[in-house]
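Open your viewer and get ready to click along. Each stop tells you what to select and what to look for there.

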Amino acid sequence: MSKVILEVKNLTKVYRIGLIRQKEIVAVNNINFNVKEGEIISLVGESGSGKTTTARIILRLLRPTSGNVLFNGKDIWRDIRNRKELKWYWRNVNGVFQDPYSSFNPTHTIRFVMLRKFNLFDEEMDYDTKISMIKEALKEVGLIPEEILDKRSFELSGGMRQRVLIAQIFLIRPKLVIADEPTSMIDATLRLSLLDLFLKLRDEFKTSQIFITHDLGLATYTSDRILVMYKGKIVEEGTPEEILNKPSHPYTKKLLESVPKLYSKWFT
Amino acid sequence: MNSLAIGEIMSILDVRNFRAYYFTKAGTVKAVDGVNLSIDKKTIIGIVGESGCGKSTLAKALSFNVEPPLKIVKGDIVIDGIKINDMTTDEIRRKILGIKVALIPQSAMNALVPTVKIRSFIKDVLKEKTGYTTLEIFELAVKRFKELNLPIEALDMYPFELSGGMRQRVLIAIATLLNPSLLIADEPTSALDVSTQKMVLETLYDIYRRGLVKSIIFISHDIATVRQIVDEIVVMYAGKFVEKGSTEEMINEPLHPYSKGLIFSILTPELIVRERVRKAKEVLLKGEPPSLINPPSGCRFHPRCPYAMDICRREEPPMIEVERNRFVSCWLYVKR
């Protein structure tokens, strides 16, 4: 049994909106789950299910209303107090996001973007070591370093930009990666090779991963475990086999019915 | 030889050597570059491919939604027995659009006018075309909305008051009010949540089943969705058709290396997907689709093809019929 690296306990996030007449929206409602070393899980849900809020809290970008997130036993809000500890956390828990356009500053070269990631590192390194590590990471994701290092993000195709984002993960080698719809803007044939990079991370470095997605098909392919989220709650949890063959919650059943499949037809 | 034609007499659409290019400062983008397509009565055909393969351009061109820099360069179009080539733009607008062929675009929001209620929008669109009175038009619209189980109240709403799925269904109803022979649907469900997707497809299928349109071209990148409704699938790559066959054949045994890579890499919530993905990896597509300003010589897929031979670089492969109604454009299947 591999060890648990992330524990989410009774996590709740309430957004308050409006100045005078305040309205409360419970985005995440008392959820519990954990992630083991080398495990890939998926949080699956439609827009508004609370999956992205959960991701942002785990990445320590958003403070929860109540509940805890423990990474290696450390509470990420209570026990992380200064910049140094935060750096340590982001070195270990990092993310890849949906939109490769907004993840890059268009005036920065890929070289600059990659070099900046060394800010998360404690070790002192000289420039040449850094560059050779960057080249290594870019090669891991199937890019040719010489061709792209001095390009800016807008000079690259969508698929290449997403590869650069994943190369950053190969460089940082965190213990846990949160991937929020990392391939939703990518065409089918490129998507598969990108997803395989995540599987490679797991196989080579035992990186745990949380996929945040609306796509049950993607979750089926990549995950060891699928957690179905609906209206801020986790309504069902299981292996892809369990979820597909024996869904128990009505929402999961409805979701499975409404997703188009290859081996069944809606109309005859 | 280079032909997909079958059953000429039954044809709703017959297109030969059809080309539509964008004339831009950077060069001529050959988005649709010599396609042949023949669609029989009572057929729903799916055209699938990835971003930039020319499928949306084909939808625009076949429905005459052509604005600069896009231009139809060449090709004969016959829709429901009428030769379009000899017609003027004005004639096409009066006699063909909405009557013989209609388009459902990707986003209903852009097709409807935000400041005009659905009712007046329908009146504006139909009045000029039909010469019906306002009352006749409303009666037609109400009847059609009822038939398709759409709420009559939607007629008195502005587009923004309708949900995304409802908007798309309303648009389908409006586009087909005059029972066009051919309906072209360009990614009609791609902007919707999974739960509303199904309802929109139901409306589309309903229209077809009731005979309100004779045939449908369904264009999409989402093969699992296409598969729900179409009889035949055409795969498009870099401005050309590479394969055509019945839906079952195309899903289970695609022939062209590109079709294999594309169709076997679809991820659906089915456990068999893992096995299919293994097949996709056999032809794992390196690189990305080519620029359509300067497409590769010979077969446009050759730079990415694991089976590329000498001839693939030199000569464009013909479209050959490998079995009845099964077409592929690839040198691997040419007997020599």
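Before the first stop, a word on helices and strands: both are DSSP runs numbered from the N terminus, a helix (H or I) having at least four residues and a strand (E) at least two. This is a predicted model, in which local features need pLDDT of at least 70 and side-chain atom pairs count only at pLDDT 80 or more, while totals for chains, interfaces and linings use all residues. Residues are numbered from 1 along each chain as its sequence is written, and chains are lettered from A and ligands numbered from 1 in the order in which they are written.

**Stop 1: the sheet of chain B**

Select residues 11-24 and 27-40 of chain B, which are strands β1 and β2. They pair (two strands pair if DSSP finds at least two bridges between them) in the antiparallel sense, over ten bridges. Two residues lie between β1(B) and β2(B) in this hairpin. Which residue of β2(B) stands opposite B:Asp14? Look for B:Ser38.

Click on B:Tyr22 to find its bridge partner B:Leu70 in β4(B), then on B:Val15, whose partner in β4(B) is B:Ile77.

Zoom out and you can trace an open sheet of four strands in chain B, in the order β2-β1-β4-β5. β2 and β5 (82-83) of chain B are at the edges with a single partner strand each, so one side of each has no neighbour in the sheet.

**Stop 2: a helix across the strands**

Select residues 55-62 of chain B to see helix α1, which lies across β1, β2 and β4 of chain B. Helix α1 of chain B runs at about 65° to β2(B); axes are lines fitted to C-alpha atoms, for helices over the stretch in contact, and angles run from 0 to 180 degrees between N-to-C directions.

**Stop 3: two helices of chain A**

Move to chain A and select α4 (residues 127-140) and α6 (residues 158-172), which pack at an angle of about 125° with their axes 8 Å apart. Show A:Ala167, A:Phe170 and A:Leu171 of α6(A), which meet residues of α4(A) including A:Met133 and A:Leu138.

**Stop 4: where the chains meet**

Finally, show both chains: 32 residues of chain B are in contact with 29 residues of chain A. Contact here means that the C-beta atoms, placed from the backbone, lie within 7 Å. On chain B, α7 (194-209), α8 (223-229), α10 (257-264) and α11 (273-282) each supply at least two residues of the side touching chain A.

Conventions: Contact = placed C-beta atoms within 7 Å.
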